[in-house]
Structure formats: C-alpha cells, structure tokens
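Here are some friendly notes to read alongside the model. Please keep the structure open as you go through the points.

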Amino acid sequence: MRYVEDHRRQTHSRIVENASYGLRQRGADGLSVVDLMKLAGLTHGGFYNHFASRAALVGEAIAFAMDQMIERWKKLANGKANGERFEALIADYLRPQHRDNPEHGCALPALAADVARSSPSERRALASKLEKMIDVFVEQLPDVAPQEARQIATGAIATMVGSIVLSRAVGVGKLSDGILDAGRMTAGGRTRKPERRTVKAMRCDKS
C-alpha cells in the first residue's frame, strides 16, 4: 500500500510539473486534458484519479511555476548585499534568456491573460502566488514603509511582466532588447530617491 501511495504521489507531481512547462510554452487554452497527460507520458484514462477537473490541474501547474520563480528570487536575493537585491531580481527577470525560454520562465507573462478568462479556481491560484511574489520583493525594501514598499513591489512586478510580454510579442531583435532595457530602468527606478533640486523663484521687476 505504501508503494502504491508513493507511486501515485510521484505520478501526480510528474503530471503537474510537465503540465506547467507545457502551459507556459503554449498557453492555458492551448492544451486539452489529453495533451496535458501526454506531456507526462501518460494516457488521459487515469486523469480523474489525480484531478477533479482540468481547471484543478491547471491551477496546480500555475502554482508550481510561480513557486519556482519565488524560490529563484529568494536564492538570488540571499546571494546579494542588501542594497543590491531589489534591482538584482529585476535584472535577472528581464534577461534575454528569460524572454527566449517561456517554458522554464515565469507563469505570469505566459498565462495571466488566459487565466483572466478561465475558471475562478485558476484565478485564485494565480492571485495567491502573486501575493507571495510581491512579498518577496517587499522583503528587499526593509528601509521603506510597508505600504509604500508594497506599492513599489507591485508596480515593479507589473512592469517586469509587461516588459516580458511585449518583448516576446515583437520577436527577438533590437526593439525587443530595448523593451527589456526600458523595463529594467523603469522597474528599478522606483526605488531610487529623486534628486533634490533647488528651485529659484523668478522675480518680476516692477515697472
């Protein structure tokens, strides 16, 4: 019995992991139950032994992908000095390698638009993990007030995701690279304090 249960858990995990890679590459609307099971080398006959519905599998696959990104960010932050962590996460995300390998990248650029039109359970799965992704960025801003840090973190992630979406949409090239550069500058610039400027009052001579 123990072997059977362990085998079932391993199979379940394999289905979720392979579905996650497939969904990120082809989109949440691009794969049927048959297709999703094929990714794990299985037939669709055993699908309902593991999942109540296709939406349940998609939700788990999204959570798996977002957990991967969260763990990547945490490891990257741990290897940097405090003042470098926030921008290091942005630079890592907005790399050409991330743009060019969606199946191993963040789920948000690949799946957010599809999930917005999908089931409530899929949207809840994405929203729950997005909150945790924002939390990771907030942790990199210890000297900023909590509410402001959350606004900065949310804005940075939104900029990063949009930059990847557009850079992929236009194809590899000068424009695509420029979008990534602009995204890094904009998302990272949110944490820089504006320079103080001395404003000189203009005096009007009396006639």
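1. A contact here means heavy atoms within 4.5 Å. This is a predicted model, in which local features need pLDDT of at least 70 and side-chain atom pairs count only at pLDDT 80 or more, while totals for chains, interfaces and linings use all residues. Residues are numbered from 1 along each chain as its sequence is written, and side-chain values use heavy atoms, with hydrogens and water left out.

2. Let's start with E122, which sits in helix α7 (residues 120-139); helices are DSSP runs of H or I, at least four residues, numbered from the N terminus. Leaving aside neighbours within four places in sequence, E122 touches A55, V58, G59, I62 and V115.

3. What does the side chain of E122 make a polar contact with? The partner is the side chain of S119, at 3.1 Å. (A polar contact is a pair of N or O atoms within 3.5 Å; within protein, one must be able to donate a hydrogen and the other to accept it, and residues adjacent in sequence count only if both atoms are side-chain atoms.)

4. Now for A153, in helix α8 (residues 146-169). A153 counts as buried because its relative accessibility is 0%; buried means under 20% relative accessible area, with a 1.4 Å probe and protein chains only. Not counting residues up to four places away in sequence, A153 is in contact with I134, F137 and V138.

Key: Helix = DSSP H or I, 4+ residues; strand = E, 2+ residues; numbered from the N terminus. Buried < 20%, exposed > 50% of the residue type's maximum accessible area, 1.4 Å probe, protein only.
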